[in-house]
Amino acid sequence: MNAKTVKQLTPGPAGALECALDRPEGEPRGVAVVCHPHPQQGGTMDNKVVQTLARAFLQLGYRTVRFNFRGVAASEGAWDEGQGEIDDALAVIAAHRDPALPLVLAGFSFGGYVASQAAARLPDDAKAERLVLVGPSTQKQKVAPVPEETLVIHGESDEIVPLSATLDWARPQSLPVVVIPGVGHFFHGQLALLKNLVVRSWHR
């Protein structure tokens, strides 16, 4: 993501997981873990939306962690139908979170599903401070119910995950969804707006 990004391998349940770490200037206010889109459809931790989320958290003062799910790039193991990938996220969280600092979980598309399920599995005394889900995969995966302060952002013209699917998931939770008019799944031309929405939501 930048010249200071540190790549390292973290032990995972199916072998080593490739991680990319970025530190803010000064003492971090927390740790943010970002999950990438579907591995079988080209998703990696270098996806532009994933990098945009990491940049937003870095600007907010979080130490950020992106990682490749099992079987992607330098991460060992093989695709596990979305179940082992949740275990991968939990392993990365366990390895990189600081008990003294708040944890934020974020995910884009399939990564939104993983982030929601990982957040739900964290013990009550170690929950995430907040979740950020961008274009979460609400049609094909079972995205878990999330806390009321979760930030959900979806493109109005999303061609991969229909906005209606995310509204159907959000409605029973009375969960607001931030809709960006005219924007598709990958936020082409609107990554700066996406970053600003995340940053502004924290400043509120």
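**Notebook: charges, cores and cysteines**

I began with R70, which counts as buried at 9% relative accessibility. For this I took buried as under 20% relative accessible area, exposed as over 50% and partly exposed as in between, with a 1.4 Å probe and protein chains only. The model is predicted, so I noted that local features need pLDDT of at least 70, that side-chain atom pairs count only at pLDDT 80 or more, and that totals for chains, interfaces and linings use all residues. Residues are numbered from 1 along each chain as its sequence is written, and side-chain values use heavy atoms, with hydrogens and water left out.

**Entry 1: salt bridges**

I found seven salt bridges in the structure, each being a side-chain nitrogen of Lys or Arg within 4 Å of a carboxyl oxygen of Asp or Glu. Side chains of opposite charge can pair when their charged atoms come close.

R70 forms a salt bridge with D88, and the closest N and O atoms are 2.8 Å apart. R70 lies in the loop between β4 and α2 and D88 in helix α2, so the pair ties together parts that are 18 residues apart in sequence. Helices (H or I, at least four residues) and strands (E, at least two) are DSSP runs, numbered from the N terminus. D88 is buried, with a relative accessible area of 0%.

I then looked up D87, which forms a salt bridge with R121, the closest N and O atoms being 3.8 Å apart. D87 is in helix α2 and R121 in helix α3, 34 residues apart. D87 is partly exposed at 34% relative accessibility, and R121 is partly exposed at 41%.

K4 forms a salt bridge with E25 at 3.4 Å between the closest N and O atoms. K4 sits in the segment before β1 (6–12) and E25 in the loop between β2 and β3, 21 residues apart. Both K4 and E25 are exposed. I also noted a network of salt bridges that links D22, D46 and R66.

**Entry 2: E85**

E85 is in helix α2 (residues 84–96). E85 is buried but has no salt bridge; R70, the nearest side chain of opposite charge, is 4.6 Å away. For charge, Lys and Arg count as positive and Asp and Glu as negative, while His and the chain ends are not counted. The E85 side chain reaches the backbone nitrogen of D80 at 2.9 Å. Leaving out residues up to four places away in sequence, I list among the residues E85 touches F69, W79, F110 and V114, with contact meaning heavy atoms within 4.5 Å.

**Entry 3: nonpolar cores**

A nonpolar core is a set of buried Ala, Val, Leu, Ile, Met, Phe, Trp, Tyr and Cys residues joined through side-chain atoms within 4.5 Å. The largest has 32 residues, and V33, F67, L105, V114 and W169 have the most contacts inside it. Helix α3 gives the most to this core, with six residues. Another core, of 24 residues, lies apart from it and includes L60, Y62, L151 and V199.

**Entry 4: cysteines**

My search of the whole structure gave zero disulfides, a disulfide being a pair of cysteine sulfur atoms within 2.5 Å. C19 is buried, with a relative accessible area of 0%, and C35 is buried at 2%.

Methods
A polar contact is a pair of N or O atoms within 3.5 Å; within protein, one must be able to donate a hydrogen and the other to accept it, and residues adjacent in sequence count only if both atoms are side-chain atoms.
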